Amino acid sequence: MNRRGITPIRTLVRRTSKTRADDLDVHPILKDVYCNRNVSRSSQLEYSLANLSSPNLLFNIEEAAQIIVDAVQADASILITGDFDADGATGSALGYLALKAFGARKVQFLCPDRQEFGYGLSEKFVEFFAPTQPDLVITVDNGISSIAGVRLAKELGMSVVVTDHHLPGDELPVADAIVNPRLPGDQFPSKNLAGVGVMFYVMLEVRRQLRQQQWFENEGIVEPNMSHYLDLVALGTIADVVSLDDNNRILVAQGLKLINENRCRYGIRCLLEEGGKKIGNIVSEDLAFVAGPRLNAAGRLDDISHGIRCLISEDQGEILNFTRKLEKLNNERKEMEAKMVVDAEREIKELKTKVTDSSAGICLYNSSWHQGIIGVIASRIRELTGRPTIIFASAGDGYLRGSGRSVKGLNLRDVLANIVALDSDVILQFGGHAMAAGMTLEESALDRFNQLFQQELLRHLDGGHWEVEILSDGEISQFDLEVAEQIRQGGPWGKDFETPVFDGIFTVTDRRLLNGGHLKLKLRRASSRETVDGIYFRYSNVFDSLPQLKDYRLAFELKVNEYRGRKTPQLNLVYMEEVDLMASDSI
């Protein structure tokens, strides 16, 4: 079993915790897992809405809500414009549905076409919708970097409320109000709200002000229960891979409860069922790998409005048609992604882009790549190489659009800001998070960009190297279905509250390679006669030969595998190393 040359060396590290959790009434395995995630009190697992952080802690939220309230009461035309991903789609749907329920009659949504207008509230996009003359524009999951677009909208007589969660730059847009937990001076304790989460909080405050003014009573409107929108919040939050801090776990847990009680939007139910999932047993993983990608596929390859309409429609026949379209787009996305990954790997191997062992990061461009898929490819190549990765595609007219994914300990947005400080002509526009960012530049500037990108990464490393650690919660002795089910239901799991990973020494008693390069295994724990099934997804991306029938140290997630109505425990491997080749200080 030989590791492929372009894959990083991964180190298995066991988590340590100084937290004690004597009052947690859970399975001992889960108790250890929670302690490793700094959960020491049962109250931290009580996902009650009463424990949510207060909306009034968000900077500017009262001003933003008042602008929206005035527009509703004046029967003004309101345009919601969101990002073209699952977060933007769910946030746009939530804003649209809530405003309709509040009594707004002239509310519409419009998201920019990725290839024609690019990201956010660009000048070109504002010029496109300006003839419809909206009185108020509300951005969702974008806008904090739309300096020129917001300025143009204001010049054309529109009011603008920006709701976003991306990191702000040195200059803020001249919007009438900006709500973003990452604004300097903002006191909201959860800086990790997704775009849909920010919109949820804004609509909470809009409802409060309308209630205070007796709007619902005077207009004969039944006051909406905002908790009914948490299915959208859960989906967008998980799909956008934001940190699951205490506040976000409450939002997601409550949304999952809504879904599993079949009180969710029919569109969300259809997206999950199309992916073979059963309502009543949905967990955050199903939102991440089933519903989320189907929504994202619309924005990547076609028009995210298909996804939004799937979420807001009340016509079941129409929703089923949208679901089928999203399924088709997602299958097309998978095919394109597979080809692009192969192309990217080939370029790395052939050193066409001068990727060597000493390269601090990966920067690739291919004129045939689709710009809707580059973010997915950046994630795959980052996973494959263990290095910060930026993938570029043509945006036409001599411009490139890039999508980057970072690694632990590197703020990618700060790297881009430093590049701009070194050479202001290289990047035309950029924005994003610490772990993911997007940018636009002229094709002629690509070589210069890559030079500065590598320079900044090397400066950050300061002679060191990127660390690829697999964090383990330790060894466990139980691999039965009951424990697997308890772990499955013990979340919501997600970023910074990761699904538990365990490790141990196992003997491989059988193995075979499946289509797609996945490795199916039969495993036996040392000093035991019982075997358990295992699978290593995308094994062939990491290793170029099958493992031998011998002992290996494995790191794995304990999962529930359901096949033809039968449930069994299964180890989903994330790390595999021959016992006699392991470094003595690996764990």
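I began at the end of helix α6, which is followed by Gly157, a residue whose phi is positive, near 95°. The model I am reading is a predicted one, in which local features need pLDDT of at least 70 and side-chain atom pairs count only at pLDDT 80 or more, while totals for chains, interfaces and linings use all residues. Residues are numbered from 1 along each chain as its sequence is written, and side-chain values use heavy atoms, with hydrogens and water left out.

I then looked at helix α6 itself, residues 147-155, where Ile147, Gly149, Val150, Leu152 and Ala153 are buried. Here buried means under 20% relative accessible area, exposed means over 50%, and partly exposed lies in between, with a 1.4 Å probe and protein chains only. Helices (H or I, at least four residues) and strands (E, at least two) are DSSP runs, numbered from the N terminus. The cover over the buried residues of α6 includes α5 (123-129) and β5 (159-163).

Next I looked up His165, which sits in the loop between β5 and β6 (177-179). Is His165 buried or exposed? I found that His165 is buried, with a relative accessible area of 1%. Its side chain makes a polar contact of 2.9 Å with the side chain of Asp141, and the side chain of His165 also reaches the backbone oxygen of Leu193 at 3.0 Å. A polar contact is a pair of N or O atoms within 3.5 Å; within protein, one must be able to donate a hydrogen and the other to accept it, and residues adjacent in sequence count only if both atoms are side-chain atoms. Beyond its neighbours within four places in sequence, His165 is in contact (heavy atoms within 4.5 Å) with residues including Asp87, Arg182, Asp240 and His433.

I finished with the backbone angles, bearing in mind that most residues other than glycine have a negative phi, and most peptide bonds are trans. Asp75, in the loop between α2 (61-73) and β2 (78-82), is not a glycine, yet its phi is positive, about 55°; Asp75 is partly exposed at 24% relative accessible area. Asp496 is not a glycine either and has a positive phi of about 65°, and I noted that Asp496 is partly exposed, at 45% relative accessibility. Asp496 belongs to the loop between α18 and β13, and Pro492 lies in the loop between α18 (481-488) and β13 (502-513). The peptide bond joining Gly491 and Pro492 is cis, with omega about 15°.
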